[in-house]
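Please read this report alongside the sequence and the coordinates.

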Amino acid sequence: VVRSSRFLPVLWLLSFLAAGCGGGGEAATSAVQEMVVAAGADLGPSGAFQARLGVYPLNTNVGETLTRLAPDYRVEPLLATRWEYRGNNTWRFFLRQDVLFHDGTPFTAQAVVSSIAQSVRGGFAYGPLAEDAVVVIDDHTIDITTTEPNLRLPEQLGHPNFSIFAPGSDPARHPVGTGPFRWVDYRPYEWIVVERNPRYWGEESRLDRIVFRFYPDATTRTLALLAGEVDFAMDLPREQVTAVERNGSARVVRSPPGQMLNLYLNIRGSPPHDLLGDVRLRRAIALSIDRGQLVRQLWRGEAEEVRSLTVPAVLGRFAGRVNGVAHDPQQARRLLDGAGWTPGADGVRAQNDRRLRLILLTHPDLEGGIGEFVQAQLRQVGIDAQWVRLPDAASYAERLRAGAFDLNLTLPNQNDGDPLFLPGLLLYSRSGRPLARWHAPGGRLDSLIEAGRQAPNPVDGQRLAAEAIRMAVDEEVLVVPLAGRSRLYGLSRTVNGFEPHPSQTNQGWASVWVDR
Amino acid sequence: MNSPALAYVARRILSLLPVWVGISLLAFALVNLAPGDPAQLILLRQTGELPTEEAVQRLREQLGLDDPFPVRYGRWLADAARGDLGTSLRTGEAVLQALLDRFPATLLLAVAALLLGLLIGIPLGTLAAARRDSGFDHASRIGVLLGASIPNFWLGYLFILLFAVGLGWLPVAGWGSWQHLVLPALTLAVGGIAGLTRLTRSTVIEELQADYVRTARAKGLPERAVVRHALRNALNPIVTLTGVRFGRLLAGAVVVETVFAWPGIGKLVVDAIYDRDYPTIQGFVLFTGTVFVLLNLLVDLGYAWLDPRVRLTGKGNGGG
């Protein structure tokens, strides 16, 4: 017989656990100007290989860069007041003089030296920079010399990975920056807490405190907003927009598109991934995809059809030079007929007993449905696209690196003001990136990208970038731009002043306030 | 505890050594065979773009990933023998510390879910057995079927919608107070309640058909006392199931931890697998392997405690 006294340890354990569970001590309080933000998974835990906390992809506004990427993709002064090209791959930056780090020490040229060196050491600096790239001219003047001609440096330096931190501080543990918020607390995978920097050199933040809480599950983020547990939810799932909009206490804010859905084509693959060396096939693929249907039906209108592979604003007045390839399946069929691919009994085309079969990869973070959509569109013109779903970024990256694909559907972001960033990443044969091996044709496209990087005037950079993209999209069909996607945010109706940045990682929080 | 039993316990603890070597070797081989390069992923996470091959190679050298498999495994094993499970490739944290930091959250959730399962499942199953073929029995069987069939994540969302969004009684997710524990523990417990109810019902029914029960009834023992005796004799398979289930819970409940943003080791190891964070995966395998072996030992000790006919000896797995 089980005696009732045997349950006593169980009761003791229960009471112990109940007491122990209450000791977590969450950092959030109910201060008047506090905002709780539901962020996605904690993707930048501390300590790893020169990483910086609260910088990328979630920008907590603790650090600041020399230049700033405005929401309209213009490059503006931030910690540097102005800059000039001095020749011989060298830029001179004149630094702001009235700036203090959060620990009270003054911001000087030495901080730029150590921060850029750390970015380079960590492997997350864009552009051809060496650890000793920065030379101090005086306390508030520096020269930055690139290892290769790169006159797009001021545009690139607006990326948060180039944030400047106090010399001697450890941005992987406790970042000490100059931004409108100072670092308070971090618990890996749980939260980041920042507070207003009372000595901020610019316009002070209206919020006293922001708690970024990590919710890896997107549905839970939405539910936390609807329950009033958070004031702000990042990256709402598209299918939950209606639920939030119907809720009286919350609203949806959309950013201008800053994330591009592009289909990259493997033009240099080895058999059996060698078919897309033929530009007629590539053009047929571009002609067969109905971008309007994709935007309206799959993304419920929360995106825009695009013609260029990058954000049009970054190309300035030259964006219109890229025409894109309009949806025309009849023309696609004619092109395929002309290339000798004739439809078989099952509708799939073949040539000399070889079926027109292509391997389609999609980025694992892309929501379901997009792979099937592209597959279905290609099937209508007789192309059998085999969609290979890979479980994680590691397998995806490995497969791309090995070139075992024909089509790659991915979502690159334009996170800086460099119009050559995306073309230079995958379509420039000397980029050193593994994917350039499969996508970059070399020759004139390389020359255009290099010329764009060597143009002292940013407007010339935009013109040459637009020309390179026109060649890649309109002429060579190396990439098929499909849509520009908006970031979706759920805000409690008490949250005001939020201006969504199309590049989420450059999001500013200082203008936001909460009505309590 | 008598000396044969002590010898038995010592022997079982010693058996951990080959288990550790075996599972760590297997895990090391498996994660190294999986496609993907941790150096490439570290850089990919920091920039959002596939890095240059030069940068990847530099980092591979820095991390010692270019050394041959036996060299890396030997190095890891030697460090592990000194209690150093290495450093996470993803976070730079000491793996042992990361596991110890997250284990309390997992333990808390596992214990709460298990207790809920025991406190609800055993009485429900016993009552269903005692009232076999009654309306209550049929209702409990339908409940068991539902509980065993509903996916965790869906149930979690349902509970959040009802108790957090609708009624506002409990927080949606996170951790830090006892209220945060309720919904994930309940979500996780539902499957356990279903399993325990079903098992308790069937084993108690079996016991109620035994000769000693007929004798007890013939002698006029009240039905409540009869059922209590039957339950006591039906406990061995329940203890086995509880041990297995507890082990699984301690290895982390990834879906529930993700839905409720619960900082347990399940989510930690899944992230480690995605990032090919070899040291964290290794450390986790070793850690959970140890937990399983120790839990099995506790279950065996539980048999002896519950059933005086079971004797533990140093020569075998215990027996009658």
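The sections below describe selected features of a predicted model.

## Basis of the values

The model is predicted, and local features need pLDDT of at least 70, side-chain atom pairs count only at pLDDT 80 or more, and totals for chains, interfaces and linings use all residues. Residues are numbered from 1 along each chain as its sequence is written, chains are lettered from A and ligands numbered from 1 in the order in which they are written, and side-chain values use heavy atoms, with hydrogens and water left out.

## Chain B overall

Chain B has 15 helices and zero strands. Helices (H or I, at least four residues) and strands (E, at least two) are DSSP runs, numbered from the N terminus. Along the principal axes, the C-alpha atoms of chain B fill a box of roughly 85 × 55 × 30 Å.

Of the 320 residues in chain B, 53% are buried. Buried means under 20% relative accessible area, exposed over 50%, and partly exposed in between (1.4 Å probe, protein chains only). Among the contacts in chain B with a separation of 6 or more, 72% are between residues 24 or more positions apart; a contact means heavy atoms within 4.5 Å.

## The seven-stranded sheet of chain A

Seven strands of chain A form an open sheet with mixed pairing, in the order β8-β9-β10-β1-β11-β22-β12. Strands β8 and β12 (250-254) of chain A stand at the edges with a single partner strand each, so one side of each has no neighbour in the sheet. Two strands pair if DSSP finds at least two bridges between them. Strands of a sheet pair through backbone hydrogen bonds, either parallel or antiparallel. β8(A) and β9(A) are joined in the antiparallel sense over six bridges, and Trp183(A) stands opposite Val194(A) in β9(A).

Strand β1 (residues 34-39) of chain A is mostly covered, with six of its six residues buried. One side of β1(A) carries Glu34(A), Val36(A) and Ala38(A), the other Met35(A), Val37(A) and Ala39(A), and all of these are buried. β1(A) pairs in the parallel sense with strand β10 (residues 209-214) of chain A over six bridges, where Ala39(A) stands opposite Phe214(A). β1(A) also runs parallel to strand β11 (residues 232-233) of chain A, joined by two bridges, and here Val37(A) stands opposite Phe232(A).

## Backbone details in the loops

Two cis peptide bonds can be located in loops of chain A. One joins Tyr56(A) and Pro57(A), with omega about 0°; Pro57(A) lies in the loop between β1 and β2 (67-69) of chain A. Another joins Pro271(A) and Pro272(A), with omega about 10°; Pro272(A) is in the loop between β13 (259-265) and α6 (279-288) of chain A.

Positive phi values also occur in residues other than glycine. Tyr189(A) has phi near 70° and is found in the loop between β8 (181-187) and β9 (191-196) of chain A. Tyr189(A) is buried, with a relative accessible area of 14%. Asn352(A) has phi near 50° and sits in the loop between β16 (349-351) and β17 (354-355) of chain A. Asn352(A) is exposed, with a relative accessible area of 73%.

## Surroundings of Gln377(A)

Gln377(A) belongs to helix α9 (residues 370-380) of chain A and is buried, with a relative accessible area of 5%. Leaving aside neighbours within four places in sequence, Gln377(A) is in contact with Ser288(A), Ile289(A), Asp290(A), Gln293(A) and His327(A). From C-alpha to C-alpha, Gln377(A) and Gln156(A) are 37 Å apart in space, and they are 221 residues apart in sequence.

## Cavities

Rolling a probe the size of a water molecule over the atoms shows where empty space is left. On a 1 Å grid over the protein atoms alone, a cavity is a set of points where a 1.4 Å probe fits but cannot get out, and lining residues have an atom within 4 Å of a point. Grid points are joined across faces, edges and corners, and a volume is the space filled by probe spheres set on the points. By this rule there are three cavities of 30 Å³ or more.

The second largest cavity holds about 90 Å³ of space. It is lined by 11 residues, and the closest to its centre are Glu190(A), Arg213(A), Gly174(B), Trp175(B) and Ala261(B). The lining of the second largest cavity divides into seven nonpolar, one polar and three charged residues. Here Ala, Val, Leu, Ile, Met, Phe, Trp, Tyr, Cys and Pro count as nonpolar, Asp, Glu, Lys and Arg as charged, and the others, Gly among them, as polar.

How values were computed:
1 Å grid on protein atoms, 1.4 Å probe; cavity = no way out; pocket = protein on both sides within 12 Å on 5 of 7 lines; lining within 4 Å.
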